[in-house]
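Grab a pencil and get ready to look around a protein model. Try each exercise yourself before you read its solution.

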Amino acid sequence: MYESVRVHEDGPTTPDRFGLTVKNAGFEGLVVRNRQSVPAAVDHEAIAKRHGIDVVQGIEITADEPRTASGAIGNRRPEAEVLLVQGRDPEMNRFVVERAQVDVLADPMGGAGDINHVIAQTAAENDVALELNLGPVLRSSGGDRVRAIKGLRKLHELVADAGAPFVVSGAPSSHLQVRGPRELFAVGAQIGFDRETIQQGLATWRTIAERNRHRRDPDTVGPGVTVSEPEN
């Protein structure tokens, strides 16, 4: 199971501290969601070696409108092991799921975001994973928390109906916000998600990263086709 974290150049937590905290919390991998506009310096290999955890190079694109997002997707796709584009708006949500180059539609129910059957079905067709972001449930209260729970339940129902891929995250931006798998299972149970759903969503980060690493391998010439040295 993997957790995804947001790092910022001037953020409160270094990528290395995130690696230590996520490892101690019980995760096997860490997806570093680096902003495309002001990226933080991340030595993925050093963190992985130091803490014995897989560290995935994620890039999260935020844009005010689809045209800007489109250019960023093309520029950042080659270097990202997981490419995320933030939704938080119905128009952006529709745009993102139509782009097969994108791995994850991030936080689709955040802000003014919403999802319908058409968006969920398009995500399934293009293999764009929808993020079930537990962060607002973990870190808000009152009416905001109630709205977040309602949005997550709606999103999960649509994902299940469409058979769309999905990821689960607490999306912490500080090591103090990291919650381990058991805590995420407990939160999921409180809002109506069984353990298997949360576990599957946490594991999908690894599936996406491994798929893209395989595609970027110079010995891979196409889906399922690799180049090997001839035997003597």
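This is a predicted model: local features need pLDDT of at least 70, side-chain atom pairs count only at pLDDT 80 or more; totals for chains, interfaces and linings use all residues.

**Exercise 1. Work out which face of helix H2 (residues 44-51) is buried, and what it packs against.**

Solution. 
- Step 1: Pick out the buried residues of H2, which are His 44, Ile 47 and His 51.
- Step 2: Look down the helix axis. The buried residues of H2 fall within an arc of 70 degrees, so they line one face of the helix.
- Step 3: Check the other side of H2, where you'll find Glu 45, Lys 49 and Arg 50 exposed.
- Step 4: Find the partners. The buried residues of H2 pack against helix H1 (15-25), strand E2 (29-35) and strand E3 (54-61).
- Step 5: See what comes after the helix. H2 is followed by Gly 52, which has a positive phi, near 65 degrees.

**Exercise 2. Decide whether Phe 193 is buried or exposed, and list what it touches beyond four places away in sequence.**

Solution. 
- Step 1: Locate Phe 193 in the loop between helix H8 (181-190) and helix H9 (195-216).
- Step 2: Compare its relative accessible area with the cut-off. Buried means under 20%, and Phe 193 has 4%, so Phe 193 is buried.
- Step 3: Leave out residues up to four places away in sequence. Phe 193 then touches Leu 132, Leu 152, Arg 153, His 156, Gly 188 and Ile 198.

**Exercise 3. Describe the largest nonpolar core and find the residues with the most contacts inside it.**

Solution. 
- Step 1: Recall the general idea: in soluble globular proteins, nonpolar side chains tend to be buried together.
- Step 2: Get the size. The largest nonpolar core has 54 residues, and Leu 30 and Ile 198 have the most contacts inside it.
- Step 3: Ask who contributes. Helix H7 gives the most to this core, namely seven residues.
- Step 4: A second, separate core has twelve residues, among them Ala 129, Val 167, Trp 205 and Ala 209.
- Step 5: Zoom in on Ile 198. Not counting residues up to four places away in sequence, Ile 198 touches Leu 134, Val 168, Leu 184, Phe 185, Gly 188 and Phe 193.

**Exercise 4. Describe the lining of the largest pocket by class, and find the element with the largest share of it.**

Solution. 
- Step 1: Start with the volume of the largest pocket, about 470 Å³.
- Step 2: Turn to its 22 lining residues; the closest to the pocket centre are Asp 107, Met 109, Gly 110, Pro 136 and Ala 148.
- Step 3: Sort the lining by class, which gives seven nonpolar, seven polar and eight charged residues.
- Step 4: Name the element: H7 supplies the largest share of the lining, seven residues.

How values were computed
Residues are numbered from 1 along each chain as its sequence is written. Side-chain values use heavy atoms; hydrogens and water are left out. On a 1 Å grid over the protein atoms alone, a cavity is a set of points where a 1.4 Å probe fits but cannot get out, and a pocket is an open set with protein on both sides within 12 Å along at least five of seven lines; lining residues have an atom within 4 Å of a point. Grid points are joined across faces, edges and corners, and a volume is the space filled by probe spheres set on the points. Helices (H or I, at least four residues) and strands (E, at least two) are DSSP runs, numbered from the N terminus. Ala, Val, Leu, Ile, Met, Phe, Trp, Tyr, Cys and Pro count as nonpolar, Asp, Glu, Lys and Arg as charged, and the others, Gly among them, as polar. A nonpolar core is a set of buried Ala, Val, Leu, Ile, Met, Phe, Trp, Tyr and Cys residues joined through side-chain atoms within 4.5 Å. Buried means under 20% relative accessible area, exposed over 50%, partly exposed in between (1.4 Å probe, protein chains only). Contact means heavy atoms within 4.5 Å. The arc is that of the directions from the helix axis to the C-beta atoms.
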